[in-house]
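Please look over the sequence and the structure below before reading on.

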Amino acid sequence: MSVVAVNQVGYLLSGPKRATLATAAVEPLTWRLADDRGRIVADGTTAPHGTDISSGQNVHTIDFSTHQRPGTGFTLTADGATSHPFRIGTGLYRPLLTDAMRFFYCQRSGIEIREDLRPGYGRPAGHLGDRDVPCAPDAGDHRLDVRGGWYDAGDQGKYVVNGGITVWQLLHAFEHRGGLDQLPLDLPESGNGVPDLLNEVRWELDFLLRMRAPSGLVHHKMHDLEWTGLPTLPHLDPQPRVLRPVSTAATLNLAAVAAQASRIYRKYDADYADRLLAAARDAFTAAGTHPIRYAPVADTIGGGPYDDDDVGDEFYWAAVELFLTTGEPEYADAVTASPLHTADVFGTYAFDWAATAAAARLALALTPNELPGLDDVRASVVAGADRYLAIQRAHPYAVAYAPPGNQWHWGSNSMVLNNLVVLAVAYDLTGEARYRDGVLEGLDYILGRNALNLSYVTGHGTDYAENQHSRWYAHQLDPSLPHPPKGTLAGGPNSGLQDEVAQARLAGRVGQFCYVDDIRSWSTNELTINWNAPLVWIAAFVTELG
Ligand code: 9MR
C-alpha cells in the first residue's frame with residue numbers, strides 16, 4: 001500500500017515543501033495538492049528515487065514548493081494514497097517551541113507539580129528524601145543534599161552528564177536564538193522578573209551544584225538502588241536512593257555549564273553568577289587533578305550507566321565555556337592546546353551527552369570572543385554543515401543523518417535534530433538560505449515525513465507518538481494516568497533493539513522501522529531531557545523564521 005508522508009504540523013510559506021511517497025511504482029506518478037474543501041490547488045509529477053537505504057522502501061519525492069498560498073487542511077494525493085492533513089503558513093511552530101520547553105517542569109523532582117499550571121499533570125513532590133542521600137559503598141562515606149533537578153527520562157534517576165548537556169543546549173538556545181527571554185512557560189516562578197526558560201534551567205543547575213563531593217569532584221549520578229517497574233509515580237517510589245561514584249566527566253560537565261550559566265544569569269542575579277563561576281573554576285581544577293575517573297559501562301543496577309572513558313572532549317568543552325565567560329589566557333591556552341580544537345568533530349552525529357566537542361565548537365563559533373583563529377573555528381562548523389547537508393540532499397526523507405551500516409543509534413531523533421543544529425549555526429554564520437532550508441526540511445522527518453508516517457512529538461500532527469516509556473505518564477498501562485504531555489519527543493528508531501518488545505516486534509526490520517510506540521519499548525520509545533532539548537533548540541530556530 002502506498003503512503004504519502006508529510007510534515008503533519010505544516011510547512012512554512014517561505015520554506016521548502018516536500019513530501020515522500022512510498023510506492024511499488026518505479027515510473028513518475030501524478031500528485032495533487034488539495035485544499036481543505038477538496039479543491040485541487042496544485043499538481044505535478046513525482047521524482048522517483050529508487051530504494052531508500054534507511055527504510056528499504058521504494059520511494060519518490062513530491063516537491064510542491066512552488067505552492068505559495070497559506071491555509072489549513074491541505075492534503076497530498078498520489079498513487080491512490082492521501083497524506084495526513086497539514087497547514088501552510090507562518091508562525092506554525094511556536095506551539096512546538098512552547099510545548100517542548102514546558103515539558104521540563106513536569107520532569108521536576110522534589111517539588112509538587114501544580115495542577116493549575118499543568119491541568120491533568122498535577123502530582124505530589126517526588127523524592128523529598130533526596131535531601132539526604134548516602135553514598136553507595138563504592139562511592140564514599142558522606143551524605144549529600146541532592147534534592148531537585150529533573151528526572152532524566154522515563155526513569156527517576158538524576159545523572160550529571162545528561163543534565164549537563166541538556167542545560168548547555170537550552171542555555172545555548174537562550175543565548176543565540178531570539179525571543180526565548182519572552183517565552184512564557186507557566187511555572188511556579190513565573191513573574192519573578194527572570195525569563196521562564198532560565199527559571200526552569202535553574203532547577204537543574206542547582207541540583208548539579210549539589211552533586212559536588214567534599215573532594216571537589218562531582219558524583220556521576222544518583223538513583224534508585226534497584227530498578228522500579230512501570231507504573232511508579234515519583235512520590236510512591238519505594239526504593240532507597242544512593243549516590244554513585246564521582247567521575248571526571250561529571251566534574252567537567254559542571255565546569256562547562258556553570259561557566260556558561262554564570263555568563264547568562266549575571267544580568268538577573270549577580271551573586272548566583274559569582275557562585276556559578278567559582279564552582280566552574282573549582283571543578284575544572286579538580287578534574288585536572290583527577291583526569292581519568294571514568295564512569296564504568298557495568299554500572300547498570302537501578303540506573304543507566306552513562307559510561308564514558310574518553311573525556312578529552314569534556315575537557316575541551318569546559319575550557320571553551322570558561323574562556324568564553326572569563327576571557328582568561330589560562331583557559332584560552334587549554335582550548336588551543338586541545339587536539340580537539342582542530343580535529344574534525346562533525347561525525348555521524350554532531351554531539352550528545354558523551355561527545356561534547358562539537359557543542360564546544362558551536363559555542364565558540366557564536367559567542368562573541370577574541371580567540372585567535374576564530375575564522376577557522378567558524379569554517380569548521382560550516383564544513384560540518386556542508387557534510388550534513390550533502391547527506392540530507394541524497395536522502396529521500398531529507399534526513400541529515402546516515403549511520404554506518406544503517407545502524408540507527410539509541411535516541412536517533414536527537415541525533416537527527418542535533419545535526420540540524422549545526423546547519424542552523426551555519427546559517428547564523430553565513431546567512432545562506434540552503435542551511436536554513438535544510439533545517440526546515442530536516443524537521444519534516446520528526447513531524448511525520450518518515451517511513452512510519454508518524455509524528456515523533458506528542459500532540460503535534462495527526463498521528464503522533466504518545467506512549468513513550470515513562471513511569472508516571474503510563475496511560476497505556478493504567479488509563480487513570482496521563483500520556484506524556486504534548487511536546488514530548490520520542491527517542492526514535494534504534495537498531496539495537498535492546499528491550500523485549502522491540503526484539504519481539506521489530507527483529508529484522510530496516511533502520512527507520514526499528515521503532516514502536518509502546519511504553520515497554522524503552523530502547524526505541526523513551527522520553528528524555530536531553531532529547532527534548534534539541535527539539536527546543538530547533539523549534540526556537542524555526543519559530544524565529546516566522
Ligand atoms: O541515551 C543513552 C544512550 O545514549 C545509551 O546508549 C543508553 C545505554 O547506555 O542509555 C541511554 O540513556 C538512558 C539512561 O541510561 C537512563 N535513563 C534513560 C536514558 C534513555 O534511554
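Between domain 1 and domain 2 about 1700 Å² of area is buried, where buried area is the accessible area (1.4 Å probe) that two parts lose on being put together, summed over both. Carbon and sulfur atoms give 53% of that area. The model is predicted, with local features needing pLDDT of at least 70 and side-chain atom pairs counting only at pLDDT 80 or more, while totals for chains, interfaces and linings use all residues. Residues are numbered from 1 along each chain as its sequence is written, and side-chain values use heavy atoms, with hydrogens and water left out.

**The two domains**

- Domain 1 spans 3–89, and domain 2 is made up of 94–453 + 525–545; these bounds come from an automatic or database domain assignment.
- The C-alpha centres of the two domains are 35 Å apart.
- Domain 1 gives 24 residues to the contact and domain 2 gives 19 residues, contact meaning heavy atoms within 4.5 Å.

**Across the interface**

- The rule finds one salt bridge across the interface of domain 1 and domain 2, a salt bridge being a side-chain nitrogen of Lys or Arg within 4 Å of a carboxyl oxygen of Asp or Glu.
- Arg18 and Glu441 form a salt bridge, with 2.9 Å between the closest N and O atoms.
- On the side of domain 1 that touches domain 2, two or more residues each come from β1 (3–5), β2 (10–12), β3 (18–22) and β7 (58–63). Strands (E, at least two residues) and helices (H or I, at least four) are DSSP runs, numbered from the N terminus.
- The largest share of that side, four residues, is given by β3.

**The ligand site**

- Residues around the ligand include Asp152, Asp155, Tyr159, Tyr306, Trp353, Trp410, Glu526 and Trp531, each with a heavy atom within 4 Å of the ligand.
- Asp155 has a polar side-chain atom 3.1 Å from a nitrogen atom of the ligand.
- Tyr306 has a side-chain N or O atom 3.3 Å from an oxygen atom of the ligand.
- For Trp410, a polar side-chain atom is 3.1 Å from an oxygen atom of the ligand.

- The structure has 31 salt bridges.
- One of them joins Lys158 and Asp130, at 2.8 Å from N to O.
- Lys158 is in strand β13 (residues 158–159) and Asp130 is in the loop between α1 (94–106) and β11 (133–134), 28 residues apart.

**Backbone details**

- Most residues other than glycine have a negative phi, and most peptide bonds are trans.
- The peptide bond from Leu230 to Pro231 is cis, with omega near -10 degrees.
- Pro231 is in the loop between β15 (221–224) and β16 (241–243).
- Asp186 is not a glycine, yet its phi is positive, about 55 degrees.
- Asp186 is in the loop between α2 (160–176) and α3 (196–210).

How values were computed: Polar contact = N/O pair within 3.5 Å; in protein donor to acceptor, adjacent residues only side chain to side chain.
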